[in-house]
Each structure stands twice: as structure tokens, then as C-alpha cells.
Amino acid sequence: MKKALKESEHLVRLAIVLALGLMVFLLIRRAVVPAGFGQYGHYRPGTLQDVRARPVTFAGHALCEACHDEIATKKAATKHGKVACEACHGALAKHADDPSALKPVKPDPAVLCVRCHEADSAKPKNFPQVVSKDHSQGNSCGVCHDPHSPKL
Amino acid sequence: MNMNRRELLEVGGKLLFLSGAAQVAVDNMLGAPTAMPDSYKMADHWWGMTVDISKCIGCGNCVRGCAAENGVPRGYFRTWVERYFVKDGDMEHPEVDSPDGAFSGFPTAQHPESKGFFVPKLCNHCVDSPCVQACPVGATFDSPDGVVLVDKSYCVGCRYCVQACPYGCRYIDPEKETVDKCTLCYHRITQGLTTACAEVCPTGARQLVDLKDPKDPVHEFLRVNTVQVLKPHMATRAKVFYKDLDGAVR
């Protein structure tokens, strides 16, 4: 027995060197591979949380309507019924979080209305369009139309 | 305890090895699972989008909304709108423009002799994404709920994916020098909101859809309409479905 052990000593030594090498490999691997890597696929699963951590900028019309239900009800029956509040008023999540922190600026009809309603032959034929110069003779759209109930 | 140097090295080496192996084993067992801490279950969703060409008016609200929501630098786009004019069925030579990605809408145009329409574009969140296959470092991936995302801490900015995307939906962030793209507003849709572009679309041309939700109107949309994806010959299994898309669109 003792003789056999002595004769295979070089093999034992080799095994120890290999084992040490494997251990170093595992330790390095543990240090450099992020936790959970490969849980869902070949990527760091923490990325999903990183991407989700971004704060919301548009509150969503449901949140607007929770306070401004009067305007929401008025608008609902009109042709602008399905246009979300923030489509015209801009991103207002900050206002929804704290109404005093950010006061919405009234949109300028000269820019706002024509973006959608200026005539363009690429627009769908059933979409209401005007050539604003001829239509309003330079007047602001708001003189005649209420954007929350646009039909005269 | 008497020990010569050889014995010390042997015993010490064994102990060191065992402690290292034990630690690795314990780590693997505990596994540090990064589960989502809330009620959102990735396995229950399969996100995509529908775009109704017959409703798009080219106002550019989606482009501005996307930039505001995601902090997209000016001059770069995660979504943009193209205007097409096709004359006499000349499908190979449509007149296409997209000034500043339609960030400020379009200058008015009248070509009554041509067929005109708008095409909003964005990441197609392909099931077989060429960009994911091209990424050499595993920074770009398909999430379990069908969204193509980027790990910016892994991205080395090699631009392979920018070239691989057949739809031109990726750009290099000029500040961070890493790639960036549409996340399908992952931070919004995972908390029950719709995407910024769909939220501000005044005509409802763009709709976020969940293909795993049996109650989602997308199933009827896909059943009753003439639906097409962009570049179907690329076999990317794109998940942005266009209704009434003209053959001139590439």
C-alpha cells in the first residue's frame, strides 16, 4: 500500500495542482460573473430592474381624469373624446404627483391645432383637415373652437 | 503540532480548496434570485404593438412623446414617422420624407395625383432579433415578456447591432457611447400604463398590445384586418403589426 502510494506520488501532486487550478478558476468566475447571470438567458437579470427603474414622465389620462373629471366628461362625447390629455398638454406626471410643483402651460393653438388639422394629401381622407390660412383668416383657432368640445 | 513545509502546504491547500468550493456551492444554492419584487409576472405577457396606417395623421406626437418620456437626445430617434407618396403604382420609387423624424410634424404637402400615407416606425421587438444574435457580449437580449432590451453596463459600443437591425432602430448614445433603443416603455408597461407614444397618439393609430392576454383586442385586430410586418422576408418575427401597410414601404 505504502509502496503504491509512493509510486503514484507524481499523480497525486498533479491532482492537487489541477484542483488548485480549478479552485482559482471558480473563485475568479464568481468574482466577475454578476449574480444571477443566465437566470433568464445570456444576460444580467438585474438589467430588467434597471430599465424599469426609470421614472414615468407621462402620467396617463386615467390619472388626469381622476381630478379633472369635469373636463373629461365634457370631452368624452366629442370628437376629441379619445384624445388623451397629455397629447395636447404635454408630459405632466410631475403635476399629477404634486399639482403645485408644476403648472401646465396652456398650449398655443397656432402650433397645436394645425399639427393635426392642417390639410395634407397624405392624411386619411376622412380626417377633418383645413387650410388654416383660408379657414380662419389669421384668427387663432380658439376664437371659434373649444378644443375640449371642438364642434361649433 | 509539528509540521514540515510540505505537510503545511498540503493541508493548507486542501482546506483552502474546500472552503472555496463550499462557498461556490452555497452561493449556487442560494442563487441570489433577482425576482421582480411586485405583482408583475413576466411569464404572463408577450408585448407588441399595432399600427393602423389608415389612422396616422403624421402629427409627430409619438416622436415628441417618446423623446420626453425616455430622454432621447435631439437628432436621435427611438420612433419616427415617414411620409410616403406613391405615384401611379411605382412601388420601387416612392417619394419619402421624414424631416427631423417628424419631431415637429410635417410641412404641408399636396400631391393629389399620388397615393399618400404616413408610416410610424419603431423597434419591432422581433422574436428572432438580428441585433440580439449580433451582440458579442450579451448586452442586448430578449426579455421573457418579449421586449428587446439593452444592458448599458455590458454594452461595449461596438455598433454590430446597429448594423444588424434591418429596421434602423438603434443608435449610439452620444454621451455614454453605448447603444440605445426603444424599450417599448418597459418602465411604463410593467406598471400597467401604455407606452408614451400610444398614450399621446391622438387618433389611436398606435396601440400597445399583449399577445398573451386573451382579452386583448389585438387578436381580433390580427384576425379581421389586412396586417403586415416590415421586411417579412428577413424572418425576424417582428411584433409590430401594421394594418393597411402599402407594398411600397420598405
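How many residues of chain A are in contact with chain B? Select both chains and take contact as C-beta atoms, placed from the backbone, lying within 7 Å: 43 residues of chain A touch 49 residues of chain B.

Before going on, some housekeeping. This is a predicted model, where local features need pLDDT of at least 70, side-chain atom pairs count only at pLDDT 80 or more, and totals for chains, interfaces and linings use all residues. Residues are numbered from 1 along each chain as its sequence is written, while chains are lettered from A and ligands numbered from 1 in the order in which they are written.

Now pick chain A's side of the contact. Helices H2 (9-32), H3 (46-52), H6 (85-89) and H8 (109-117) of chain A each give two or more residues to it; helices (H or I, at least four residues) and strands (E, at least two) are DSSP runs numbered from the N terminus. H2(A) has the largest share, seven residues. Colour by type and you get 23 nonpolar, ten polar and ten charged, with Ala, Val, Leu, Ile, Met, Phe, Trp, Tyr, Cys and Pro as nonpolar, Asp, Glu, Lys and Arg as charged, and the others, Gly among them, as polar.

Next, hop to strand E1 of chain B, residues 47-52. Six of its six residues are buried (20 or more other C-beta atoms within 10 Å of their own, C-beta atoms being placed from the backbone). Trp47(B), Met49(B) and Val51(B) sit on one side, with Gly48(B), Thr50(B) and Asp52(B) on the other.

Finally, show its partners; pairing takes at least two DSSP bridges. E9(B) (206-210) runs antiparallel to E1(B), joined by five bridges, and Gly48(B) is partnered there with Val209(B). E11(B) (240-243) pairs with E1(B) in the parallel sense over four bridges; look for Val51(B) opposite Tyr242(B).

Key. Contact = placed C-beta atoms within 7 Å. Buried ≥ 20, exposed ≤ 12 C-beta atoms within 10 Å, placed from the backbone.
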